[in-house]
Amino acid sequence: MDANEILKRYRAGETQFKGANLRNVNLKGADLIGIDLTSADLNSANLMMAYLSRGKLYGANLFSAKLSGANLERADLRNANLSDADLHGATLQGANLSKANMALANLLDANLIGADLRGVNISGACLRGACLRGANMREEKRAYKPANLRGADLRGADLRGVNLSGADLSRADLQGANLTETSLRGANLERAKMGYAILKGCFLTEANLTGVSFLEAVMVGARMERVLLAEADLSGANMRSVLLPDAKLDRAVLTGADLTNANLNRADLTRAIMRNVNLTNAQLIQTHFTKTDLTGANLRLANLSEAELSTANLLDVNLSGATMPDGEVQP
């Protein structure tokens, strides 16, 4: 079936094109609102600037398709193959992409507000500048596997309020991304890049953040109970009022980080580098500072009850008003 035939039939009122062979078809700018292309073969098709809102593309093959600027608002793209597709600037607001394959797709500046992305594979995709505000990517046992964003380019992406619980974001690039109040509970972000990202009120409980770079990230009020932060770089990060009880921060770098009013009770900071860190009024009960470098740190008014400090480097540390491990309050 060629482009002329499908357009002629669509204009005559026909919308059912299930399983159609449309490989390499050129439908650039075509008005195909509400079309049914369920299981259609659109391999390498040109659908740039096409209107496919409310379209049914369940299980369609859109491998390497050109969809830049296309309108796919509220389209049904469940189980579709969009791997290596070009969706630069496409509108996918409210679209259902659950269990779709979007590996290596180009979603630069795409609109994915409120999209259903449960169980989606976006590994290696470019989502730089994309807006995913309110998108659903949560894991649902026995129904949807965790979203796969391994190695994805999410620089500057808007991920405010997105549910990414259990998602695989290992080695993803999230530099400058906005993750305000995003849920990343139990997510795997090992070796991800999150420098200058905004994580205000972000929910990271039990996440794997091993080796993550949070250089100068804004993490005010983030919930990070029981996280793995071994070898992470948190230099210059704003972590005021962050919750880090029972966190593993061994060999992490926190030079110049602001942890004012933070809760690090029972955290493991073995061999961490915490030079010039601000821990004013921080809760550090039973915290492990084994061979930790606290040179020049500010621990004024901190609570260090039962903390392990015997092997820490406390050169030029400010302990005024701090409660020491033995319960004594410093003058």
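## A tour of the salt bridges

Start by selecting D41 and R23, which form a salt bridge whose closest N and O atoms are 3.1 Å apart. Both residues lie in the segment after helix 1 (3–11), so their pairing ties together parts that are 18 residues apart in sequence. A salt bridge here is a side-chain nitrogen of Lys or Arg within 4 Å of a carboxyl oxygen of Asp or Glu, and a helix is a DSSP run (H or I) of at least four residues, numbered from the N terminus.

Before moving on, note that this is a predicted model, where local features need pLDDT of at least 70 and side-chain atom pairs count only at pLDDT 80 or more, while totals for chains, interfaces and linings use all residues. Residues are numbered from 1 along each chain as its sequence is written, and side-chain values use heavy atoms, leaving out hydrogens and water.

Now show the surface around your pair. Is D41 buried or exposed? D41 counts as buried at 19% relative accessibility, whereas R23 is partly exposed at 44%. (Buried means under 20% relative accessible area, exposed over 50%, and partly exposed in between, with a 1.4 Å probe and protein chains only.)

Next, select R133 and D158, whose side chains meet in a salt bridge at 2.8 Å, N to O. This pair ties together parts 25 residues apart in sequence. R133 is partly exposed at 34%, and D158 is buried at 12%.

Then go to R275 and D293, another salt bridge at 2.8 Å, N to O. Here R275 is partly exposed at 38%, while D293 is buried at 14%.

Finish with R128, D153, R155 and D173, which are linked in a network of salt bridges. The count for the model comes to 20 salt bridges.

Methods:
Helix = DSSP H or I, 4+ residues; strand = E, 2+ residues; numbered from the N terminus.
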